[in-house]
Amino acid sequence: MSSSSGIKVKLFEQCYRFCQDRLKIVLSQIEDTNKALTAETKSSAGDKHETGRAMLQLEREKLGNQLAELEKQQEILSKIQTDKISINISLGSIVHTTQSNYFIAISAGKLQVNDMVFYGISSQTPIGKLLLGKTVGSEVEFNNLKFLIEKVS
């Protein structure tokens with residue numbers, strides 16, 4: 001396993017854990033909301049009861065949307081081949097630039113491998129869309145800041 005693929009595996013694992021941790025939280029919140037909704041149903045009727053139920057229904061819907069988004073992120077992660085190295089930036093690429101380092105996967109924020117910092121970004125983010133398809137030596141401008149792609153792995 002090359003150094004690049006070792007870093008890619010570690011970045012992938014951090015993104016996977018990020019997704020799993022968020023999934024646990026959302027599932028727990030859904031369970032709590034369902035329990036509260038059941039308890040609300042058993043309590044007395046009236047305007048306060050209806051407002052409480054409506055708020056819980058909205059919360060459950062919001063959590064359902066978060067769950068769907070996490071499932072999409074898991075699907076994206078399942079498509080990443082950690083042993084694949086591409087010349088053009090694509091899903092699963094590690095991108096080193098004069099500004100920052102990126103891992104094109106899911107929006108997972110700041111990731112660290114050894115002493116190197118990477119940003120887990122989705123290919124659907126503005127910076128992700130700019131980077132896709134680019135190669136080493138390409139210049140990219142983002143937020144009035146120009147930077148050069150130094151390495152892709």
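Which backbone oxygen does the side chain of lysine 8 reach? I looked this up first, in a predicted model in which local features need pLDDT of at least 70, side-chain atom pairs count only at pLDDT 80 or more, and totals for chains, interfaces and linings use all residues. Residues are numbered from 1 along each chain as its sequence is written, and side-chain values use heavy atoms, with hydrogens and water left out.

**Entry: lysine 8**

I found that the side chain of lysine 8 reaches the backbone oxygen of lysine 84 at 2.6 Å. I placed lysine 8 in helix α1; helices (H or I, at least four residues) and strands (E, at least two) are DSSP runs, numbered from the N terminus. I noted that lysine 8 is buried, where buried means under 20% relative accessible area with a 1.4 Å probe, protein chains only. I looked for a salt bridge (a side-chain nitrogen of Lys or Arg within 4 Å of a carboxyl oxygen of Asp or Glu). Lysine 8 has none, and the nearest side chain of opposite charge, aspartate 83, is 7.5 Å away. Contact means heavy atoms within 4.5 Å. Leaving out residues up to four places away in sequence, I listed the residues that lysine 8 touches, among them Gln81, Thr82, Ile94, Phe103 and Ser153.

**Entry: the cores**

I turned next to the nonpolar cores, sets of buried Ala, Val, Leu, Ile, Met, Phe, Trp, Tyr and Cys residues joined through side-chain atoms within 4.5 Å. The largest has 21 residues, of which Leu11, Cys15, Leu77, Phe103 and Phe118 touch the most other members. I recorded that α1 (3-42), α2 (47-78), β2 (101-105) and β3 (109-113) each supply at least two residues of this core. Helix α1 gives the most, with eight residues. A second, separate core has 11 residues, including Ile89, Val95, Ile127 and Phe147.

**Entry: leucine 67**

I located leucine 67 in helix α2. Beyond residues up to four places away in sequence, leucine 67 touches Leu23, Val26, Leu27 and Ile30.

**Entry: the whole chain**

I counted three helices and six strands, in the order α-α-β-β-β-β-α-β-β along the sequence. The radius of gyration is 21 Å, well over the 15 Å that the globule rule gives for 153 residues, so the chain is more spread out than a compact globule. This radius is taken over C-alpha atoms, and the rule is 2.2 Å times the number of residues to the power 0.38. I noted lastly that 36% of the 153 residues count as buried.

Methods: Buried < 20%, exposed > 50% of the residue type's maximum accessible area, 1.4 Å probe, protein only. Lys, Arg positive; Asp, Glu negative; His and termini not counted. Polar contact = N/O pair within 3.5 Å; in protein donor to acceptor, adjacent residues only side chain to side chain.
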